[in-house]
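This report describes a single protein chain, from its overall make-up to selected residues. The sequence and structure are shown first.

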Amino acid sequence: MTVQDVRAFNRFYTRLIGALDYGRHLYAPYSLTESRVLYELAHDGLMDAADLRARLDLDAGYLSRILTRFVDAGLIEREPSAADQRRRRLALTERGREVAALLDERARERVAALLDTVPPRDRRRLTEAMHTIRGILDGGHTEPQAPTEVVLRDPLPGDLGWIVQRNGAVYAAEYGWNAEYEGLVARIVAEFAERHDPRRERVWIAESRGRPVGCVMCVQDGKGAATARLRLLLVEPEARGRGVGDRLVRAVIDFARQAGYRELVLWTNDVLAAARRLYERHGFTLVAERPHHSFGKDLVGQDWRLELS
């Protein structure tokens, strides 16, 4: 990745969405910045000018000129803040709301037309790429969004490959594990795909906004028909703190009980502190620990067990 790569992408994207092409009348007669100011006021109602400037990272003089133009055009009203007379409160007038709605409608139509050119099979990849870019470059400062529903479902074609890829990528990024771990996951997934018993073995995919954000597997343990094994629990970083891991573990426990297993076991490593706390909350007990060198690291493996009867 170089500076030129980022600049080339920026040029491509601004051209694609028409940000520089006023002939399309996407924002006319307003600039892109002026349209963004109207958008923020339309979605937040009353707002201090200082807060608006901070949110959009605009020069104070530049924003003042935009607001003066909007006042003169009858789009906004300015009044002193009741809490601080030095601050100015902004609100759209009825005409301002009409203009903001028109600009928003134009933007929606433009994006809808753009998405119509994307084949349905590529739309999930596009969504994932956008979330990835935003997550990496955002630095943790994304504006809070309303919680999005997470659903648990069976794997679709390609999801088993996703489990291998994301396990390899996430554990390499967070714990420095090498390709040995990805190879282990690939073998586990391949064995499941080739010869699992659907009555007693299952995979769950947690999905949010149309893309996978977590997974887990329940398989029969090699020690006997009475024992099930929980494997490959993973929750994507952006989905953590929303109870996704709890739901995945609970799904495995409920399924194992219904399938007639008497106990559920799992193997993990002591460095995975959040996962260990999750297992403890669901009643698992630690039964053994052994140091080992795997995945390029010195680790302590742990065996956990849950009585289902």
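## Basis and overall make-up

The chain as a whole has ten helices and ten strands.

The model is a predicted one. Its mean pLDDT is 86, and 89% of the residues reach 70 or more. Over residues 143-147, however, the pLDDT is below 50, and this stretch has four contacts in the model beyond near neighbours in sequence. Where pLDDT is low, the predicted coordinates should not be read in detail.

## Burial, contacts and surface

Of the 309 residues in the chain, 35% are buried. Among contacts with a separation of 6 or more, 59% are between residues 24 or more positions apart. The accessible surface of the chain is about 18300 Å², and carbon and sulfur atoms contribute 52% of that area.

## Helix α5

Helix α5 comprises 23 residues, 94-116. The buried residues of α5 are Gly96, Val99, Ala100 and Leu103.

## A nonpolar surface patch

A nonpolar patch on the surface is formed by Phe9, Phe12, Tyr13, Met130, Ile133, Ile136 and Leu137, which together have about 730 Å² of accessible area. Helices α1 (3-16) and α6 (120-138) each supply at least two of the patch residues. The most is given by α6, with four residues.

Phenylalanine 12 is located in helix α1. Its relative accessibility is 38%, so phenylalanine 12 counts as partly exposed, since that class lies between the limits of 20% and 50%.

Leucine 232 has a phi near 55°, a positive value in a residue other than glycine.

Phenylalanine 295 is placed in the loop between β9 (285-294) and β10 (297-307). With a relative accessible area of 4%, phenylalanine 295 is buried, as the cut-off for that class is under 20%.

Technical notes. Residues numbered from 1 in each chain as written. Predicted model: local features only at pLDDT ≥ 70, side-chain atom pairs only at ≥ 80, totals over all residues. Heavy atoms only, no water. pLDDT = per-residue confidence, 0-100. Contact = heavy atoms within 4.5 Å. Expected span 1.5 Å × (residues − 1). Buried < 20%, exposed > 50% of the residue type's maximum accessible area, 1.4 Å probe, protein only. Areas by Shrake-Rupley, 256 points an atom, 1.4 Å probe, with all protein chains shown as cover. Patch = residues over 30% accessible without salt bridge, like charges linked within 9 Å, V, L, I, M, F, W, Y side chains within 5 Å. Salt bridge = Lys/Arg side-chain N within 4 Å of Asp/Glu carboxyl O.
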